[in-house]
Amino acid sequence: MSDTSLRLVWVYPDLLSTYGDQGNALVVERRARQRGLDVQRLDVRSDQPIPTSGDIYLIGGGEDRPQRLAAERLLRDGGLNRAVDNGAIVFAVCAGYQIMGHEFVNDLGERSAGLGLLDVTSSRGEAARCVGDVLGDADEYLGLPQLTGFENHQGITHLGPGVRPLARVRLGNGNGTGDGTEGAWRDTVFGTYLHGPVLARNPLIADMLIKLSLDVNALTPVDDTWYDALRQERIAAATQPA
Amino acid sequence: MSGNAEPLSPRSKLAVTAGKAAAAVSRAAGRGSGSVIGGKVALRLDPDLLQRLAQHLDVVLVSATNGKTTTTRLIAEALRANGEVVSNALGANMPAGITSALAGGSSARYGVIEVDEKYLSGVARDVTPKAIALLNLSRDQLDRAAETRMLAERWREGLSGQKAVIVANADDPLVVWAASSSPNVVWVAAGQEWKDDAWSCPACGGVMQRPGDDWFCAECGFRRPTPTWALSGDHVLDPHGSAWPIHLQLPGRANRANAATSAAVAAAFGVPPQTALERMYAVKAVAGRYDVVRYQDRDIRLLLAKNPAGWLETFSLIDPPPAPVILSVNARSADGTDTSWLWDVDYGRLAGHPICVIGDRKLDLAVRLEVAGVQFQVCEDAADAVRRCPPGRIEAIANYTAFQDLRRAVGN
């Protein structure tokens, strides 16, 4: 890719866009344009092929049946795995996160195969649904501030040795395994249970994705006044519940 | 069909009286209209009360994600052409509130009942309705509500074998999926601006094709049924092809769609479209919604929008720029505590309006608007926002509890 363009692919909004997931695409798009990048955003429906030449792929959350359909169609298509082989970046949320793993439990109660892009395996929790604000300390390797988000899932995700947790939760459930981990990542593939949308609550993750795609260490600063105000408020609300 | 052919049993009568007493106590204590607590007490004394109260009425049920309170009012007004109507006009739409409303109308001929979408199947079983109006289904309060397609599935199961006439929106694939398990459906082309909950075929999961106003699934053949009624601009087209003008005090396309559905329901009870539509003009503000209030020497129109589909319809009815707009969003439990849905709403459509944001979650709105690239001011409260608005009638759009806060703030 050239230094001035960014191809942003939003995967399957027809199936996986239930929790304001478009927000993640909008935030990456906005912050890349603010850095003078020429952003091409491609929204790819599940009856269209996944382009393999994208720089950043976003995939969101959804209900149980669309999740199964999305995994089936992504496996059949094969484009996302080829894109990652080419070095593309993937940021996946909730149902999309589970699909990045080896397998998950689908709406029929059966195991569905995932794409195997993350060394994680998901099942369905027996306990109450995890719903509420989450606060976590990001993996030190990522150089990110505290993560804030909102979780709403029944899933439990076990991490294998091939990934690191995205964060350790201070509040909330995250992966739901009881070990305090939230999300998973390796190389250029990231998964999380957090909505909010997560990139609106944590704009420095969006910047991290942009930096990875440009292979640069820093971006010109942008005005983060409102993001910072929102983060402070949400972190305070999570630590001092009413 | 009408009136109280059989008197209530002593147990049912006692339940109604006890319910009224509880409602009066609740009102006296300043805890709202008391309709819900009254209904709860009454239902506890006589669990079959709802069924018994309804058996003397011709009942119409109205359910949807958006527009059910307004449509209930429109249908009630139309049916009053033929006889007395009892209705839960204040929007208490779960079984207790419905019971309380019906207990208040012992001499009525019709019961026009708004039903929360999660309770439709159960209420439909209890009250043996003559007609059920289904307007739309879309995402709403996902942190506590069922998934949207699951709701459609529950409607579908609950409506199969229903003897009622189902009056359903042919333009919403989820509603069509839910209604088509029933043998007796009147399809109304009522439109639906929001499409993002129905890109996936509810029957087979195929990708929905949506050319123009049509829609179909190329994989299983599930497709838009041919409507017999339609909203066409400012007119309702009836099954004979006659066009009847809609005159409403309520603004917007969505309310014209509600009027079209209401006319089709009224026709099922023998009220001609012209009569029905003329009577609907009487309906103005519904529980404060669409009210224009005078506050700080300014005119403020109060608009309720609870979810992405509702915001989309609301944007299409507000005055064009430079009309000032106040946006207010809360995320208390009645609103849903996850604000992610703000990102499903295209706030870019407000470009050119001076915008003031308030509410518990004004900072979520601020980030949303910043990313949409539109100008806005973050304000302390309603009074501050109104002071900062440039001249012109102010359009104030708020979600559920934010709307109640706003009404209180401006003295509505």
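Me: Happy to look at this one with you! How much of chain B reaches a pLDDT of 70 or more?

Reply: This is a predicted model, so confidence is a friendly place to start. Chain B has a mean pLDDT of 90. The share of its residues that reach 70 or more is 88%.

Me: And where in chain B does pLDDT stay under 50?

Reply: The model still has 10 contacts beyond four places in sequence for the stretch in question. Where pLDDT is low, the predicted coordinates should not be read in detail. The stretch with pLDDT under 50 is residues 1-5 of chain B.

Me: Let's turn to how the chains meet. How many residues of chain A are in contact with chain B, and which elements give two or more of them?

Reply: On the chain B side, 22 residues take part, and on the chain A side 30. By class, the chain A side has 14 nonpolar, 9 polar and 7 charged residues. The elements of chain A that give two or more residues are α1, α2 (64-77), β9 (147-153) and α7.

Me: What radius of gyration does chain A have, against the globule rule?

Reply: Chain A holds 7 helices and 14 strands. For its 242 residues the globule rule gives 18 Å, and the computed value is close to that, so chain A is as compact as a globular protein of that length. Along the principal axes, its C-alpha atoms fill a box of roughly 45 × 45 × 30 Å. The radius of gyration is 17 Å.

Me: Which residues does UniProt list as "active site" in chain A, and what is the largest C-alpha distance?

Reply: The unreviewed UniProt entry lists Cys94(A) and His195(A) under that name. They are spread over 102 residues of sequence, yet they cluster in space. Their largest C-alpha distance is 7.9 Å.

Me: Is Cys94(A) buried or exposed?

Reply: Cys94(A) sits in the loop between β4 and α4 (95-100) of chain A. Beyond four places in sequence, its contacts are Tyr19(A), Gly61(A), His153(A), Tyr193(A) and His195(A). A residue is buried if 20 or more other C-beta atoms lie within 10 Å of its own. Cys94(A) has 26 such neighbours, so it counts as buried.

Me: And which chain B residues does His195(A) touch?

Reply: His195(A) lies in the loop between β14 (189-192) and α5 of chain A. With 31 C-beta neighbours inside 10 Å, it counts as buried. Its contacts beyond four places in sequence include Tyr19(A), Gly61(A) and Cys94(A) from chain A. From chain B, His195(A) touches Asp338(B) and Ser340(B).

Me: Why is α6(A) described as largely enclosed, and what covers its buried residues?

Reply: Helix α6 (residues 203-214) of chain A reaches 17 Å from its first C-alpha to its last, close to the 16 Å expected. Of its 12 residues, 9 are buried, so α6(A) is largely enclosed by the rest of the structure. The buried set includes Leu204(A), Met208(A) and Ser213(A). The cover includes β1 (5-11), α1 (22-34), β3 (56-59), β4 (89-93), α5 (198-201) and α7 (225-239) of chain A.

Me: Which residue follows α6(A), and what is its phi?

Reply: The helix α6(A) spans residues 203-214. The residue that follows is Asp215(A), with a positive phi near 55 degrees.

Me: Over in chain B, how many residues of helix α5 are buried?

Reply: Chain B has 14 helices and 17 strands, and 57% of its 412 residues are buried. Helix α5 (residues 95-103) of chain B is mostly covered. Among its buried residues are Pro95(B), Ile98(B) and Leu102(B). The count for α5(B) is 9 of 9.

Key. Residues numbered from 1 in each chain as written. Chains lettered and ligands numbered in written order. Predicted model: local features only at pLDDT ≥ 70, side-chain atom pairs only at ≥ 80, totals over all residues. Helix = DSSP H or I, 4+ residues; strand = E, 2+ residues; numbered from the N terminus. Expected span 1.5 Å × (residues − 1). Contact = placed C-beta atoms within 7 Å. UniProt positions renumbered as here; feature names shortened; annotations may be inferred. Rg over C-alpha atoms; globule rule 2.2 N^0.38 Å. Nonpolar A, V, L, I, M, F, W, Y, C, P; charged D, E, K, R; others polar. pLDDT = per-residue confidence, 0-100.
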